[in-house]
Amino acid sequence: GLEVAEQRPNGPPLEDIDAVVIGSAVYAGSWLSPARSFIRAHLAELRQLPVWVFSSGRVGTPPTPAEEPPEGIELAELVHARGHRTIVGRLDPAALGLGERALARLIGASTEDRRDWESIDRFADEIADELGSA
């Protein structure tokens with residue numbers, strides 16, 4: 001029942017938006033630069049809106065690395081997010097360079113798609129429920 005629009009970090013300004021869900025892949029423990037830049041460029045606006053944040057980047061079973069990506073948690077706090085979720089990502093070996101593939105093997109990262117779509121759907125439902133009750 002909610003209208004949703006996907007926007008890239010370098011997209012148009014935040015106008016006529018009632019809530020924001022921001023996510024980024026986590027690479028070598030950090031959010032991608034465009035996502036970090038988006039938050040910093042729109043910080044004042046984001047602090048005035050309901051915001052949820054997700055980090056995607058732990059891969060494999062069990063998810064590696066085991067710890068939550070601290071930068072996602074820090075950015076969620078920065079924008080006063082109503083929630084932060086870390087989801088298991090998918091590692092695409094075709095998009096990796098030689099050194100990156102070696103690092104993935106070293107940490108035992110799986111290239112299988114182990115994303116938990118039920119968990120992702122629950123997160124989306126939680127957001128929709130909260131927005132629907134507002």
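Here are legends for a few views of this predicted model.

**View 1. The whole protein, end to end.**
Let's start with the parts list: the protein has 5 helices and 4 strands. Follow the chain along the sequence and you get the pattern β-β-α-α-β-α-β-α-α. The C-alpha trace spans about 45 × 30 × 25 Å along its principal axes. How does the radius of gyration fit with a compact globule? For 134 residues, such a globule would come out near 14 Å, and the protein has 16 Å, which agrees. As for what is tucked away, 30% of the 134 residues count as buried.

Pick out Asp125 and you'll find yourself in helix H5, which covers residues 117-133. Is Asp125 buried, partly exposed or exposed? Its relative accessibility is 46%, so Asp125 counts as partly exposed, because that label covers values between 20% and 50%.

**View 2. A nonpolar patch on the surface, with a look at Leu106.**
Now for a patch of another kind: Leu103, Leu106 and Ile107 form a nonpolar one on the surface. Together these three residues have about 320 Å² of accessible area. Leu106 belongs to helix H4, made of residues 98-106. With 71% relative accessibility, Leu106 counts as exposed, because anything over 50% gets that label.

Methods: Residues numbered from 1 in each chain as written. Predicted model: local features only at pLDDT ≥ 70, side-chain atom pairs only at ≥ 80, totals over all residues. Heavy atoms only, no water. Helix = DSSP H or I, 4+ residues; strand = E, 2+ residues; numbered from the N terminus. Buried < 20%, exposed > 50% of the residue type's maximum accessible area, 1.4 Å probe, protein only. Patch = residues over 30% accessible without salt bridge, like charges linked within 9 Å, V, L, I, M, F, W, Y side chains within 5 Å. Areas by Shrake-Rupley, 256 points an atom, 1.4 Å probe, with all protein chains shown as cover. Salt bridge = Lys/Arg side-chain N within 4 Å of Asp/Glu carboxyl O. Rg over C-alpha atoms; globule rule 2.2 N^0.38 Å.
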